[in-house]
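Please look at the fold shown below before reading on. The notes that follow go through the sheet, its strands and its helices in turn.

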Amino acid sequence: MKAYTALLNKAIANSEGLSTSEVMALLTPPGLVAARRLWQTAHLLRLNATGKCVHLRAIIEFSNYCRQDCLYCGLRRSNNRVTRYRMTPEAIVEAAIEAHAVHKFGTFVLQSGEDPGYELKNLKWAVQEIKLATNAAITLSIGERSCGVYRALWEAGAGRFLLKFETSCGQIFRKLKPTTTLEQRLGCLGTLRSLDYQVGSGIILGLPGQDLESVANDLLLCRDEDYEMVSIGPFIPHPDTPLSSANIATNVCSTLTTIAVARLLVPYAHMPATTALGVIGQNDKWWKSKAPQLQDARSLALMAGANVLMLDVTPAKYRTSYSIYPGKAGADGDVITDSVWQAKKDLSTLGMTICPGRGDSPKQPWGRGNTDVKREDRMHVY
Ligand code: SAH
């Protein structure tokens with residue numbers, strides 16, 4: 001315990017100096033008392049960096065067509081059991097306006113499979129129209145595209161982009177994402193950075209073949225790239241994929257711990273309490289016995305370093321078809337009014353509120369390019 005506390009203190013004082021083996025040690029607290037201390041430390045860092053409120057983002061999953069064939073994902077192109085849909089640009093804008101009428105979301109996340117089926121001008125139009133109608137920030141999560149496409153969408157007003165690298169281990173990546181490469185994906189992240197997007201990335205935790213060292217390296221990559229958003233979601237096997245019978249290697253506890261260590265390493269990042277965590281939490285008795293007053297494991301993540309909740313506002317008729325992993329469709333309920341109400345209720349149980357505004361990164365200008373401001377000084381400068 002003493003050694004663990006010393007390591008925590010080192011992480012707070014000098015996360016830049018942490019090695020892979022030290023991050024591995026942070027990821028394995030010796031017992032529940034040490035784990036709680038880690039979660040609390042991450043929570044304090046989050047309060048310091050981003051405040052006590054929680055950013056509520058609205059996510060519209062507008063197409064489930066995908067040209068990639070990732071072995072873990074229900075949207076993979078080889079899965080012919082999924083009903084494919086592609087919302088029209090008008091329907092995407094309408095969905096945003098409808099959600100905005102229920103709650104003044106500061107950010108809309110537009111996510112899809114890697115669907116080449118939209119004309120660029122239509123995607124640009126949707127981004128522009130949503131911005132015009134809602135004044136919200138737009139985060140795109142549409143996979144790997146050319147620099148030209150990223151630039152055009154940035155110019156249309158999409159200021160943020162979410163592209164998880166999923167795993168930084170070349171071997172696992174090659175196996176699980178056979179239709180692309182790690183270099184290509186990291187290259188896209190570099191392009192997004194160079195275009196001045198606020199960049200979000202992250203991993204799937206518990207992928208087959210992933211070990212502690214690999215996760216530690218993932219988190220170190222997030223630190224070194226200093227992403228504005230870091231997302232850590234547990235792997236959930238999908239029945240219609242080659243990984244249908246893969247072991248579930250994660251649980252609520254290990255996910256919280258990984259989120260907390262990520263907070264230590266990337267203190268200013270926005271970090272979602274992921275839907276996938278909520279889903280695995282439904283069958284995880286451990287945390288329910290520890291925190292019986294909470295309904296949703298996502299609430300625990302908000303006390304262990306995470307500071308963002310994403311609400312699914314996709315029109316209900318499409319939800320079941322956006323089945324990246326099982327259990328996702330029903331996670332937020334079909335009616336936006338109800339899910340916003342539930343989120344507010346969960347937050348008030350935690351003594352937290354919804355942040356006003358767009359919820360941009362608290363560290364501007366973002367990214368490694370910013371050499372004028374040292375990491376430890378950022379808080380005082382901004
Ligand atoms: N096409 C976009 C969006 C992908 S779907 C892109 O490539 O970025 C959004 C995220 O769902 C993925 O980045 C991945 O991290 C997650 N995901 C996919 N399948 C999953 C599974 N079986 N379990 C947990 N997370 C999964």
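Strand E1 (residues 55-63), helix H4 (residues 89-102) and strand E2 (residues 107-112) make a right-handed β-α-β unit. Right-handed here means that, with the strands pointing away from the viewer, the path from the first strand over the helix to the second runs clockwise. The chain then crosses from E2 through helix H5 (residues 120-134) to strand E3, and this β-α-β crossover is right-handed.

The model is predicted: local features need pLDDT of at least 70, side-chain atom pairs count only at pLDDT 80 or more, and totals for chains, interfaces and linings use all residues. Residues are numbered from 1 along each chain as its sequence is written. Helices (H or I, at least four residues) and strands (E, at least two) are DSSP runs, numbered from the N terminus.

**The sheet**
- Seven strands form an open sheet in the order E6-E5-E4-E3-E2-E1-E7, with parallel pairing; two strands pair if DSSP finds at least two bridges between them.
- Strand E6 (229-234) and E7 are the edge strands, each pairing on one side only.
- On average, neighbouring strands of this sheet are turned by 25° against each other, direction ignored.

**Strand pairing**
- E1 and E2 run parallel and are joined by six bridges.

**Burial**
- Why is E2 largely enclosed by the rest of the structure? Six of its six residues are buried, so the rest of the structure largely encloses E2.
- A residue is buried if 20 or more other C-beta atoms lie within 10 Å of its own, exposed if 12 or fewer, and partly exposed in between; C-beta atoms are placed from the backbone.
- From E2, Thr-107, Val-109 and Gln-111 point one way, Phe-108, Leu-110 and Ser-112 point the other way, and all are buried.
- Nine of the nine residues of E1 are buried, so E1 is likewise largely enclosed by the rest of the structure.

**Helices**
- H5 lies across E2, E3 and strand E4 (158-162), running at about 150° to E3.
- Axes are lines fitted to C-alpha atoms, for helices over the stretch in contact, and angles run from 0 to 180 degrees between N-to-C directions.
- Helix H9 (residues 212-225) and helix H10 (residues 252-265) pack at an angle of about 35°, and their axes are 9 Å apart.
- In this contact, Val-215, Leu-219, Cys-222 and Arg-223 of H9 meet Thr-258, Val-261, Ala-262 and Leu-265 of H10; residues are in contact if their C-beta atoms, placed from the backbone, lie within 7 Å.

Technical notes: Contact = placed C-beta atoms within 7 Å.
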